[in-house]
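Have the sequence and the 3D view open, try each task yourself, and then follow the solution step by step.

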Amino acid sequence: MKTALFIVFLVLASSAISFAQQYSTVRGELISQQGAVAYASVILKNADDSSIVKTALSDSLGRYRFINISSGMHFVEAYSMGYVPYSSKAFRVEGADVDVIKISMIKEAKMIDEVRVKALRPIIEIQADKTVFNVENTLNASGSDAFDLLRKAPGVVIDNNNVISLEGKAGVQIFIDGKPSVLSGDDLVNFLRSLQATDVDAVELITQPSSKYDAAGTAGIINIKLKRNKNLGTNGSFGLGYSYGVHHRSNSSLSLNHRNKKINVYSNFSTNLGKRWSFIDLNRLQEGVRYISETDNTRSVNGYNTKIGVDWFAGKNAVIGFLTNANYFNSGSDGNSITEIVPVGDPFNFQVLSANNVNEGRNYQVTANVNYRYSDPEGREFNIDLDRGIFDRKSEAYQPNQYIDGPSGSEIYSNNYRMVTPTQIAVNTAKMDYSQKIGKATFAVGLKYSLVSTDNTFDFYDVLTQDVLNTDRSNQFLYNENVNAAYANYATSLKQKWKLQVGLRLEQTISRGELISTQESDDKLVKRNYTNLFPSGGLTYQAGRNHTWAFTAGRRIQRPNYQSLNPFESQTSELSYRKGNPFLQPQYTYNLRLSHTFKYRFTTGIAYSNTTDFFAQVTDTLGSTKSFLQPRNVANQESYSITTSLPFNITKWWSIFANTNIFYTTFSAADEKFQAVDQFTAGFYAQSSFILPLGFKLELSGWGRTPSIWGGTYRTKSMGAMNIAAEKKIAKKNLSVRLNFSDIFFTSPWRADLVYGDLAINGTGGWESRSFNISLNYNFGNSDVKASRNRKTGLEEEQQRTQ
């Protein structure tokens with residue numbers, strides 16, 4: 001199977017070397033003496049024969065856009081009731097995005113001088129299949145990292161175990177620049193914390209992916225798109241930032257770009273340095289004993305990121321691209337944990353466990369991509385992506401455990417441990433997509449092959465007079481996973497107002513997990529081989545200029561991450577530890593969504609999902625004193641949600657955006673200890689922007705959430721945050737200065753309760769969310785030119801085709 005797939009890819013690649021085409025975006029604006037001309041008909045035509053290329057309606061601000069436009073000579077026509085029809089002069093499209101002159105719609109036959117304009121992206125764009133959070137247009141992004149940025153995205157929730165959920169559903173697949181990340185758990189969190197938020201261009205929340213996407217991610221996909229310079233010539237930007245909350249942090253970035261008609265070379269370098277403080281306090285009742293713990297942790301993450309890419313426009317219809325990303329960060333943490341062990345009914349006979357943990361680690365990852373893309377005027381498109389990724393991590397933790405008699409304060413005994421955990425992950429993928437226009441329809445097919453190999457070692461040492469390897473508690477876990485996929489997708493227009501898209505994806509998963517340990521176990525070797533079908537589809541109805549309806553449906557899968565399958569025990573203190581579950585089953589979800597858009601701006605959506613074999617991190621007990629975290633399939637889940645998006649302008653200098661998410665989640669127990677729960681939750685994100693005199697901008701933003709459920713087990717209290725930011729541009733608008741204050745009232749710490757079997761926990765926790773940030777960014781080089789074609793990797797391109 002593997003050999004056959006590779007032969008298919010090699011044959012297709014070698015037979016397509018002479019292909020290609022460049023796509024562009026054409027955009028502009030319609031105005032009149034009375035203001036913007038909204039909802040006018042705009043037609044893009046071929047200048048050679050006046051044939052129609054694409055049609056569009058201007059939005060409420062008079063703006064319009066045509067995407068995926070082929071090279072050649074074109075012109076624009078505009079029609080609106082009460083105005084004289086307009087036809088622009090011909091212009092050339094040559095791989096670069098085109099800003100058409102501002103079109104003045106008039107009732108008298110005279111022309112107005114033409115002026116080039118650029119339209120700003122809204123803060124949040126609501127589309128039929130996804131929500132786009134345009135980070136570049138929010139001042140409050142500066143000073144934070146990519147992980148904290150996700151907390152501000154509409155509908156995103158991050159729980160006390162750093163599990164990310166979307167619209168009330170866990171099982172989110174994280175993409176970076178259109179490609180799925182193989183990292184999970186703490187590795188993913190640390191990587192996102194090494195990225196500064198100012199490196200991020202946009203966060204795309206894709207709740208209804210089509211069959212062209214991997215089926216992984218029952219809640220959908222969060223795609224973090226990093227910035228890339230889009231100008232012709234030689235240009236770049238340089239940035240510096242400083243942040244202070246409890247600790248000092250700094251960041252820097254440098255972007256360089258050179259482009260001509262044949263080649264585009266671009267690069268980004270950035271750093272994110274400093275410490276971050278967090279806390280967690282838990283009150284656990286178990287077997288008649290109360291464990292009251294308070295933990296403060298200071299973690300340092302020094303991250304260094306590099307991206308270098310080259311696009312070669314190999315003729316009229318082809319482009320070949322090379323892209324490499326490298327990320328290195330070293331991390332360390334000092335955690336001070338105090339746990340009072342108090343028998344119920346005998347509060348004066350208690351002990352205290354003091355565990356001061358010290359962790360040090362280093363991580364690096366390098367990924368490389370080769371991309372070939374061909375497109376011709378007949379509507380044929382062919383795309384190949386070959387990727388290779390290497391991820392390496394080594395962590396060392398020292399954990400002293402000292403038991404103290406509470407009343408006397410004298411030491412009873414102590415146990416000291418050291419844990420060394422190196423991890424290596426290798427990823428290889430190959431992907432091919434082909435699409436063909438057939439009349440009004442487009443038919444697409446594709447293949448994908450991926451192989452992931454992981455090697456996890458856990459060395460546990462008893463610290464006596466010297467470190468002694470404890471072979472009974474040490475082990476090695478090897479895991480290989482191969483996913484082979486094929487898909488077919490069909491999209492067409494039905495009459496004038498209806499559009500249909502249907503797809504089917506087949507995925508075969510072959511995995512093998514092996515535990516190498518001196519201890520006898522029934523789960524030392526776990527093999528799996530299963531094949532699934534994942535249908536998807538959507539129907540769009542344009543009821544008129546003011547109303548658009550869209551219905552989407554699909555089935556998705558969430559496979560356990562690699563660490564969740566690892567059965568070895570990782571001790572977090574003398575009384576608690578984590579362990580994986582090699583028998584953890586994938587969870588499957590059916591999604592339905594209906595959305596309505598009014599005047600191309602105000603969007604409302606309702607959705608339903610049903611998840612079977614829902615898995616979550618469960619806190620359970622061992623004996624009378626210990627507790628442990630383990631992922632388990634605990635329930636089936638149903639979720640109902642309503643989302644709204646309300647962007648509007650109060651005046652020319654004051655604009656407001658509000659996004660709300662209301663969802664109801666219910667669980668039915670599949671685990672005898674799991675207590676079935678349900679919860680109604682409302683969340684919102686709002687932003688108010690002001691354009692002030694003297695070139696100043698001011699921004700107020702905030703998010704909030706009513707009580708919710710984390711992982712099917714924790715019931716949380718309400719939480720939220722308020723932020724304020726300001727910006728001033730100087731030096732001919734090349735230098736921007738931003739100030740922001742995040743979580744002004746420190747209201748984002750969480751509070752939660754849990755009951756699982758005979759175990760009861762209530763707790764609170766938080767992080768260094770309240771902070772002051774300042775950033776400087778300077779643009780240099782040739783910037784007064786047209787924007788370049790932004791080459792996308794295979795998965796990212798498919799993402800754009802769902803619009």
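**Exercise 1. Find which residues Leu192 is in contact with, leaving aside its neighbours within four places in sequence.**

Solution. Start at Leu192 and skip the neighbours within four places in sequence; the contacts that remain are Asp145, Ala146, Phe147, Leu150, Ile176 and Ile224. Keep in mind that you are working with a predicted model.

Next, look at the wider setting. Leu192 belongs to the largest nonpolar core, which has 52 residues. Leu192 is listed among those with the most contacts inside this core, together with Leu150, Val156, Ile164, Val203, Ile222 and Ile224. A second, separate core has 20 residues, including Leu30, Val42, Ala78 and Phe91. As background, nonpolar side chains tend to be buried together in soluble globular proteins.

**Exercise 2. Describe the protein as a whole: how many helices and strands are there, and what percentage of the residues is buried?**

Solution. Begin with the elements: the protein has five helices and 48 strands. Then turn to burial: of the 803 residues, 53% are buried.

**Exercise 3. Decide whether Arg380 and Asp376, which form a salt bridge, are buried, partly exposed or exposed.**

Solution. First check the distance: the closest N and O atoms of the two residues are 2.7 Å apart. Now take the residues in turn. Asp376 has 4% relative accessibility, so Asp376 counts as buried. Arg380 has 33% relative accessibility, so Arg380 counts as partly exposed.

**Exercise 4. Work out which parts of the chain are tied together by the salt bridge of Lys717 and Asp753.**

Solution. The closest N and O atoms of Lys717 and Asp753 are 3.4 Å apart. Lys717 lies in the loop between strand E43 (714-716) and strand E44 (719-730), whereas Asp753 is in strand E46 (residues 750-756), so the bridge ties together parts that are 36 residues apart in sequence. Lys717 is partly exposed at 36% relative accessible area, and Asp753 is partly exposed at 32%.

Glu396 is in strand E26 (residues 380-405) and Arg418 in strand E27 (residues 411-438), 22 residues apart.

**Exercise 5. Classify the aromatic pair of Trp654 and Phe690: what do the distance of the ring centres and the angle of the planes tell you?**

Solution. The whole structure holds 17 aromatic pairs. In this one, the ring centres are 5.4 Å apart and the planes meet at 25°. Planes under 30 degrees apart count as stacked, so the pair is stacked. Next, place the residues: Trp654 lies in strand E39 (residues 654-669) and Phe690 in strand E40 (residues 678-691). Last, compare their accessibility: Trp654 is partly exposed at 27%, whereas Phe690 is buried at 15%.

**Exercise 6. Find where Gly763 lies and which residues Gly763 is in contact with, leaving aside neighbours within four places in sequence.**

Solution. Gly763 is in strand E47 (residues 759-767). With 15% relative accessibility, Gly763 counts as buried. The contacts of Gly763 are Asp281, Leu282, Trp750, Arg751 and Ala752. Of these, Arg751 is twelve residues away along the chain, with the two C-alpha atoms separated by 5.8 Å.

How values were computed
Residues numbered from 1 in each chain as written. Predicted model: local features only at pLDDT ≥ 70, side-chain atom pairs only at ≥ 80, totals over all residues. Heavy atoms only, no water. Core = buried A, V, L, I, M, F, W, Y, C linked by side-chain atoms within 4.5 Å. Buried < 20%, exposed > 50% of the residue type's maximum accessible area, 1.4 Å probe, protein only. Contact = heavy atoms within 4.5 Å. Salt bridge = Lys/Arg side-chain N within 4 Å of Asp/Glu carboxyl O. Helix = DSSP H or I, 4+ residues; strand = E, 2+ residues; numbered from the N terminus. Phe/Tyr/Trp six-rings, centres within 6.5 Å; stacked < 30°, edge-to-face > 60°.
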